[in-house]
Amino acid sequence: MALDYSDRTDFDNAGRGLVARLEPGQIKNAEGRVVYDADIYAAVTAGDCPDTVDPSLWRQSQLTAIQGLFEVTDGIFQLRGIELSNMTIVEGDTGIIVIDPAVSMEVAAAGLALYRKHRGEHDVRAVIFTHSHIDHFGGVLGVVDADTDVPIIAPAGFLEHAVSENVYAGTAMLRRGVYHTGMGLPVDATGTLGVGLGSGTSTGAPGLLAPTLDITHTGQEEVLDGVRIRFQITPGTEAPAEMNFHFPDHHALCMAENATHNLHNILTLRGAEVRDARGWSRYLAEAIELFADDTDVAFASHHWPTWGRDNIVALLTEQRDLYAYLHDQTLRRMNQGLTGAEIAEDFELPPALDSAWHARGYYGSVSHNVKAIYQRYLGWYDGNPAHLWQHPPEALGSRYVEVIGGIDATVAKAREYAEGGDLRFAAELASHAVFADPQHQDAVDLLTEVLTRLGYGAECATWRNNFLTGAQELHQETSAAPVASSGMLQALTVTQLFDSIAIRVDAQRAWGTAASVRWHFTDSDETYRMELSNGVLIHYPTQKADPAGVVVTLTKPELLALLAGAGHEDVQLDGDPGNLQTILSLLDQPNPAFAIVTP
């Protein structure tokens with residue numbers, strides 16, 4: 001499909017309403033470490049596209065590198081290009097409403113300071129989280145204090161899903177996120193250029209505050225600091241808990257992350273719950289029905305706004321059709337007996353969608369989205385019994401190498417495919433060789449070369465980052481992803497805190513061990529029972545005073561300190577403290593730097 005590179009509409013919109021750039025573009029933490037550098041993305045993407053970057057991705061990277069404070073419409077401003085996500089500020093009667101305060105507190109604080117420099121020292125009167133991903137709430141402590149009485153508004157289910165993703169599966173997702181974002185790669189034409197959804201992700205301190213006001217249904221209207229807002233709940237779309245909302249007095253529509261200027265993910269490569277493409281499409285249709293007639297500008301939590309009713313309807317309509325088409329055609333071919341990989345191999349979009357810049361696969365891709373839709377309905381198993389009980393990568397690699405005739409023969413055959421242009425199969429064979437013998441330098445070098453070539457040819461930024469990070473990690477020690485701040489833990493419920501302990505129990509070591517604890521929290525007057533049974537840590541609130549090995553009396557902050565390793569000297573223990581010590585001694589430590597491209 002020929003793309004119209006002469007169309008400069010996106011560039012015009014991305015620069016429209018500029019108030020001021022962040023100068024310099026480096027944001028630092030309290031110790032002076034740079035947690036985000038907007039300048040480097042602008043510098044790297046200046047000029048013509050190099051041979052090492054797909055031209056379409058180069059164009060998108062130039063757009064996402066545009067940074068500063070922008071006026072969206074009268075009374076609504078956005079900080080863009082100083083973080084992966086946008087932070088939006090709405091002016092009210094006495095102060096401001098902050099929407100989606102970035103990933104980290106340092107970026108949110110820098111964005112707020114830039115706004116105040118040009119618009120005055122307005123106090124924050126409310127904070128809105130559009131959905132449960134960390135780049136939309138993590139910087140909250142940069143705009144309000146931890147003990148704030150400012151209302152925090154979020155869709156119902158927000159806290160549950162924010163914890164599920166960023167705490168329960170947080171280590172694995174953060175490690176995979178190193179590949180997803182390319183955070184270990186240099187920012188240049190041979191490394192990362194962002195993720196298509198935006199430039200890089202900041203590496204400052206994230207936090208979390210629990211919502212004080214849930215949005216539970218479409219049509220709910222709230223007035224925050226004199227600003228009327230009408231909400232549309234959109235669960236299961238880009239996030240399990242998400243919402244769009246309309247400002248009727250501003251004729252402005254916030255589409256959260258449900259309609260951005262790229263094809264999004266049905267299943268993000270860092271890992272998440274599979275999203276509902278059909279529901280996503282229907283909520284976009286509903287948004288058109290509810291809001292389009294009274295909307296002059298639509299903005300989102302990523303990318304740049306769209307102005308004019310006709311343009312807004314065109315954008316939302318094409319985004320609506322995009323997700324519906326992916327869903328329906330995957331299901332049609334699935335019911336003809338094709339597997340996810342087979343459907344994805346020759347899946348074509350309609351020309352009108354394929355040529356629309358905002359539907360290009362810079363962040364999600366048609367290929368992995370089709371496979372995700374298949375997974376949502378049928379799971380990982382494709383129905384072929386030969387694939388039901390396959391060997392894991394190391395065992396599989398050694399067997400492939402044996403069949404081919406040894407490690408040297410395998411590398412030679414992989415090189416043949418690479419030289420013939422079949423980089424996909426060359427990567428598969430070379431990967432088998434590396435898993436069979438990770439010390440075989442020719443295998444490592446060839447896989448590095450093939451992954452690099454695949455990365456340079458990828459239109460999808462996250463594919464590029466995955467390929468190039470894999471190539472990088474073949475030649476250096478894996479680096480741990482930044483660990484989420486303990487500030488997030490303060491917002492968790494006691495049940496969620498106990499859940500975060502339970503998933504760390506080394507079950508085999510605990511099989512024959514029993515222990516019980518009754519926890520009483522004096523600050524909330526709650527009591528919980530915890531039992532270690534058959535390698536499982538069971539816990540639940542209780543009104544009963546059943547016998548327990550030890551009774552622990554404390555406050556929630558003291559529990560947080562205990563979990564952080566502070567010891568139990570400051571809490572009251574009645575009974576045998578060995579019960580508590582036994583449980584704590586059986587907790588495993590997650591590995592934030594586990595291997596991915598090597599055994």
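What is the volume of the largest pocket?

## The largest pocket

In this predicted model, the largest pocket has a volume of about 2300 Å³. Its lining comprises 47 residues, and those nearest the pocket centre are Leu269, His368, Lys371, Trp463 and Phe467. By class, 26 of the lining residues are nonpolar, 12 are polar and 9 are charged.

At least two residues each come from H6 (170-181), H9 (340-345), H11 (366-378), H12 (393-404), H14 (423-436), H15 (441-456) and H16 (461-473). Among the contributors, H14 gives the most, with 6 residues.

## Enclosed cavities

The whole structure contains 4 cavities of 30 Å³ or more. The largest cavity has a volume of about 120 Å³. It is lined by 15 residues, with Thr64, Arg80, Gly81, Asn86 and His303 lying nearest its centre. This lining divides into 7 nonpolar, 6 polar and 2 charged residues.

The second largest cavity has a volume of about 60 Å³. Its lining has 8 nonpolar and 4 polar residues, and no charged residues. Among the lining residues are Met255, His261, Phe299, His302, Trp304 and Leu315. Strand S15 (297-299) and helix H8 (309-334) each supply at least two residues of the lining of this second cavity.

## Helix H4

Helix H4 covers residues 105-119. At 1.5 Å a residue, its 15 residues should span 21 Å, and the end C-alpha atoms are 20 Å apart, which agrees with that expectation.

The buried residues of H4 include Glu106 as well as Val107, Ala108, Ala110, Gly111, Leu112, Leu114 and Tyr115. Just after the helix, Gly120 takes a positive phi of about 105°.

## Helix H19

In helix H19 (residues 556-563), the buried residues are Leu559, Leu560 and Leu562. Viewed down the axis of H19, the buried residues fall within an arc of 160°, so they line one face of the helix.

The elements that cover these buried residues of H19 include both helices and strands: helix H17 (494-502), strand S17 (515-521), strand S20 (550-554) and helix H20 (578-585). Just after H19, Gly565 adopts a positive phi of about 95°.

Note on methods: Residues are numbered from 1 along each chain as its sequence is written. This is a predicted model: local features need pLDDT of at least 70, side-chain atom pairs count only at pLDDT 80 or more; totals for chains, interfaces and linings use all residues. Side-chain values use heavy atoms; hydrogens and water are left out. On a 1 Å grid over the protein atoms alone, a cavity is a set of points where a 1.4 Å probe fits but cannot get out, and a pocket is an open set with protein on both sides within 12 Å along at least five of seven lines; lining residues have an atom within 4 Å of a point. Grid points are joined across faces, edges and corners, and a volume is the space filled by probe spheres set on the points. Helices (H or I, at least four residues) and strands (E, at least two) are DSSP runs, numbered from the N terminus. Ala, Val, Leu, Ile, Met, Phe, Trp, Tyr, Cys and Pro count as nonpolar, Asp, Glu, Lys and Arg as charged, and the others, Gly among them, as polar. Buried means under 20% relative accessible area, exposed over 50%, partly exposed in between (1.4 Å probe, protein chains only). The arc is that of the directions from the helix axis to the C-beta atoms. Contact means heavy atoms within 4.5 Å. The expected span of a helix is 1.5 Å times one less than its number of residues.
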